[in-house]
Amino acid sequence: MSSSSAPSPTVIAAGSHTRLLNNVLQSNKQDLRWKEELIEVSHKPQSIYWNVTAVVDGDPMGSGSAPKLRVAKDRAARETLILLGKIEE
């Protein structure tokens, strides 16, 4: 039986990236903050979008946009996990 140093790909259920990012950063004692911005799309009545950026130890990392805050946050978390090498695209 041989051991490999490459991490195995992680399969993540939709909506779970935020939780995984929190767990990864807490285990590494890293600080996670969220920069949340509400954007109104002027050419669509009553249409709003959230732009969210994950900020790790003061450094902006992944970002995501969606009409719902939790979806935008999960997209930002997914992008951050990819940047940190914790999951693959």
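Tutor: A residue is called buried under 20% relative accessible area, exposed over 50%, and partly exposed in between (1.4 Å probe, protein chains only). This is a predicted model: local features need pLDDT of at least 70, side-chain atom pairs count only at pLDDT 80 or more, and totals for chains, interfaces and linings use all residues. Residues are numbered from 1 along each chain as its sequence is written, and side-chain values use heavy atoms, with hydrogens and water left out.

Student: Which residues of helix 1 are buried?

Tutor: Helices (H or I, at least four residues) and strands (E, at least two) are DSSP runs, numbered from the N terminus. An α-helix has 3.6 residues a turn, so residues three or four places apart point the same way. In helix 1, His17, Thr18, Leu21, Val24 and Leu25 are buried. They cover an arc of only 130° around the axis, which puts them on the same side of helix 1; the arc is that of the directions from the helix axis to the C-beta atoms. Arg19, Gln26 and Ser27, on the other side of helix 1, are exposed.

Student: Against what do the buried residues of helix 1 pack?

Tutor: Contact means heavy atoms within 4.5 Å. These buried residues pack against strand 1, strand 2 and helix 2.

Student: In what order do the strands stand in the sheet?

Tutor: Strands of a sheet pair through backbone hydrogen bonds, either parallel or antiparallel. Two strands count as paired if DSSP finds at least two bridges between them. Here three strands form an open sheet in the order 1-2-3, with antiparallel pairing. Strand 1 (32-40) and strand 3 (59-66) each have a single partner strand, so one side of each is left without a neighbour in the sheet. Strand 1 pairs with strand 2 (residues 48-56) over nine bridges.
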